[in-house]
Amino acid sequence: MTAQVDYLVVFFTATSGASGALLGSDEKELEQLVWQLVDVKNKKLSKVNELLIKPDLSDLSEEKEEEDEVEERAENENKSRADNVFTATNLETALNLFCLQLTNEVNSAGAGTSVCLCTDGPLHIRQVIHPEAASKNILVPDCFNSFFDLRKEFKKRFPTSDLKALNVHNMAESLSIPVDLPAIWDPSATLDPSAILPAEIAVQLVQILGSIVLALLSEPSSHTFSTEERVSEKFETGTCSKMEKVCDNTVIRARGLPWQSSDQDIARFFRGLNIAKGGAALCLNAQGRRNGEALVRFVSEEHRDLALQRHKHHMGNRYIEVYKASGEDFLKIAGGTSNEVAMFLSREDQIIVRMRGLPFTATNEQVLTFFSPEEGLKETCPVSGGKDGILFVRYPDGRPTGDAFVLFACEEHAQCALRKHKEILGRRYIELFKSTAAEVQQVLNRYSSAPLISVAPAPLVSMLPSVSLLPPPGRMRDCLRLRGLPYTASIEDILTFLGEFTQDIRPHGVHMVLNQQARPSGDCFIQLTSAERAIQASQRLHKQIMSSQRGPNSRYVEVFPCSTEEMGLVLMGGSLSHTHTHAHIRSGTGLSPPPCKSRRLTPPSYSFAPAPPIMSAEAAAALYPSIGQMMLAPRPLPPGHAYYPASTPMYMNYTTYYPSPPGSPTTLGFFPSPSSLSSPGGLIRMPGLTYNGNGVKDLINAVQGYQYAPEDALMHAHGHVHAHDLTGTLLTQPKEWVCI
């Protein structure tokens with residue numbers, strides 16, 4: 001707007017929660033509207049109006065009604081200073097009543113028709129009116145889609161003032177306007193910004209704001225209110241190039257979204273804030289499904305900061321977490337470089353539907369027929385643009401992925417198309433989802449780009465010498481592999497299943513295998529005392545039924561003899577396959593290397609360089625004695641403590657299965673401490689710890705069966721650490737602490 005309006009409406013809101021800089025951040029409901037009309041041409045102030053929003057009390061109990069009557073009498077005693085007081089039972093009624101009273105007041109003044117709101121900062125409109133209306137599906141009147149920010153207008157008139165430090169008091173002081181407010185409600189003196197604003201204070205603030213506006217309009221300021229702020233009424237979809245520069249201060253990450261939410265749902269959640277064109281990007285997981293996160297780009301840092309105040313606000317029954325993000329994060333999700341995608345998304349006001357599970361031989365004609373069959377009994381939803389409205393997703397070599405995106409001209413056609421979810425095309429059922437432009441870019445980037453991590457990460461700890469948790473590898477097949485266990489099977493169930501062979505199990509020789517979610521995988525390894533007993537057990541127990549005490553399920557279990565080498569390889573992330581043959585392992589052993597070592601699973605770009613040692617092997621042998629000198633015999637551990645084998649090198653993606661035996665082996669692998677540590681010793685890597693554990697206490701309980709590097713074992717390298725320990729009690733009394 002370039003011309004000055006005829007009337008300004010000084011507008012103020014108050015909720016049942018925080019006020020001031022935190023207004024609207026606690027998602028509390030609106031309780032009070034206060035406004036005053038300012039005649040711009042005649043420089044006059046009208047009456048102060050107050051509108052109170054009070055819910056209907058007809059369905060409350062008598063006791064509650066009595067309490068409300070007492071409160072109402074107390075309010076009448078403290079009569080409001082407003083000239084006109086109105087009441088409404090809900091937000092929708094209040095907004096309509098406000099518009100009606102404002103229209104009547106403007107018509108009675110007769111000095112013009114153009115009106116615009118004027119507020120003390122953007123919070124009253126952007127963080128109170130629009131968010132609450134959006135959450136209650138209320139249509140906001142047009143007068144709330146534009147407003148003047150009095151602080152910014154004051155900044156234009158007085159450029160030297162600090163916008164972030166401006167408030168009612170210092171603006172009034174600069175214009176020599178007397179302020180008649182309690183000192184505690186001076187924004188510069190308020191200690192608790194979450195304090196609730198009393199109703200009478202809101203009326204006084206509006207009166208002061210009206211005087212400030214009038215002073216700016218009058219001589220000598222003669223300020224012109226000409227350019228108002230706008231609230232975006234509709235989210236605009238669009239594309240984003242990877243070459244585009246995105247400011248880090250305009251992007252947030254929203255977490256906890258419902259999986260079926262769309263970019264329009266995200267725009268509704270941030271209603272009142274202006275999202276950049278195509279600025280809502282839903283994130284996908286490794287399987288191409290939505291993971292409940294989204295990156296949102298706003299038009300300015302101010303809007304991003306207001307969005308951060310909506311942390312843990314609700315979308316339906318879920319609360320949404322809001323965090324800062326970078327422009328690089330946004331470009332990784334929403335940015336694209338394909339001209340084909342840019343042309344596909346260049347059409348404005350199109351609804352995108354994603355197809356998943358297409359036959360690899362599917363054609364444009366089959367997709368068009370799927371949505372618009374010739375049979376009159378089925379619903380018809382024509383694809384916008386015909387063949388040009390279909391985009392197949394392909395691998396870099398041109399092979400189809402089974403995904404496609406389809407454009408529809410209107411929401412009605414898109415909803416008609418979505419009703420064909422899981423209908424048959426060819427011999428496969430097709431999944432249909434409402435999609436976004438950012439999801440199109442993300443899916444295309446996922447299938448057409450090189451891996452994001454071109455080289456393997458550096459090892460977590462450089463280890464020397466490597467001490468295995470398992471007995472030395474060999475060809476003797478003195479272990480059993482149990483496959484197909486009931487998922488509820490416990491150690492006791494396994495021992496009952498083994499029967500007479502239980503007495504042949506080595507100490508701590510039962511190893512349950514868990515998957516990456518720390519749940520039973522159905523596999524188990526048993527270490528026996530001899531290969532002969534292992535063969536006898538496999539012949540007698542193979543495909544016998546195992547029952548579980550924890551549930552009614554019972555399954556037949558496959559039992560195979562295997563070697564320690566095969567067991568160790570599986571526990572470290574490999575697999576056993578009766579059909580797999582490896583160049584370095586004799587055919588028929590059933591060994592498959594761990595995933596990061598397999599040529600079949602690892603691309604050539606994932607080359608693993610050897611980990612650089614901290615010191616030579618000779619120096620390490622001199623520093624660390626043999627394992628027998630380092631530790632005494634361990635005490636038995638209760639069931640459930642997991643152990644993690646040592647391996648060189650060890651990477652984050654190295655372990656596929658995590659063993660969880662009833663105890664630990666008779667030897668313990670350790671990692672020598674690097675020189676950066678303040679004292680010598682060893683490090684043990686313990687990945688996969690539970691999130692709900694008790695921290696250090698659980699770790700101490702898990703390792704209290706072993707001794708921690710007696711100082712006497714290091715005396716040849718460091719001398720006697722404790723000269724007073726002449727009796728060597730450190731060798732017999734274990735320490736009851738561990739350094740984390």
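This is a predicted model: local features need pLDDT of at least 70, side-chain atom pairs count only at pLDDT 80 or more; totals for chains, interfaces and linings use all residues.

Reader: Nice. How many aromatic pairs does the count come to?

Author: The count is 11 aromatic pairs. Take Phe-370 and Phe-371: their ring centres are 5.1 Å apart and the planes stand at 85°, so this pair is edge-to-face. Both of these residues are buried.

Reader: And what about the rings of Phe-371 and Phe-408?

Author: Those centres are 5.2 Å apart with the planes at 80°, so Phe-371 and Phe-408 are edge-to-face. Phe-371 belongs to helix H11 (residues 364-371) and Phe-408 to strand E17 (residues 400-408), so the pair ties together parts that are 37 residues apart in sequence.

Reader: Is Phe-408 buried or exposed?

Author: Phe-408 counts as buried, at 0% relative accessibility. Phe-371 is buried with a relative accessible area of 0%.

Reader: Which residues form one aromatic cluster with Trp-35?

Author: Phe-11, Phe-86, Phe-98 and Phe-144 form that cluster together with Trp-35.

Reader: Switching to sheets: what is the strand order in the open sheet of 7 strands?

Author: The order is E4-E3-E2-E1-E5-E6-E7, and the pairing is mixed. Strand E4 (84-88) and E7 are at the edges with a single partner strand each, so one side of each is left without a neighbour in the sheet.

Reader: How does E6 pair with E5, parallel or antiparallel?

Author: Strands E5 (residues 115-119) and E6 run parallel and are joined by 3 bridges. Asp-149 in E6 is the bridge partner of Thr-119.

Reader: Which way do the E6 side chains point?

Author: Ser-146 and Phe-148 point one way, Phe-147 and Asp-149 the other, and all are buried. In a regular strand the side chains alternate between the two faces of the sheet.

Reader: Last one: which strands does helix H4 lie across?

Author: Helix H4 (residues 150-157) lies across E5, E6 and E7, at about 50° to E6. H3 lies across E1, E2, E5, E6 and E7, running at about 65° to E1.

How values were computed
Residues are numbered from 1 along each chain as its sequence is written. Side-chain values use heavy atoms; hydrogens and water are left out. Buried means under 20% relative accessible area, exposed over 50%, partly exposed in between (1.4 Å probe, protein chains only). Helices (H or I, at least four residues) and strands (E, at least two) are DSSP runs, numbered from the N terminus. Two strands pair if DSSP finds at least two bridges between them. Contact means heavy atoms within 4.5 Å. Axes are lines fitted to C-alpha atoms, for helices over the stretch in contact, and angles run from 0 to 180 degrees between N-to-C directions. Rings of Phe, Tyr and Trp (its six-membered ring) pair if their centres lie within 6.5 Å; planes under 30 degrees apart count as stacked, over 60 as edge-to-face and the rest as tilted.
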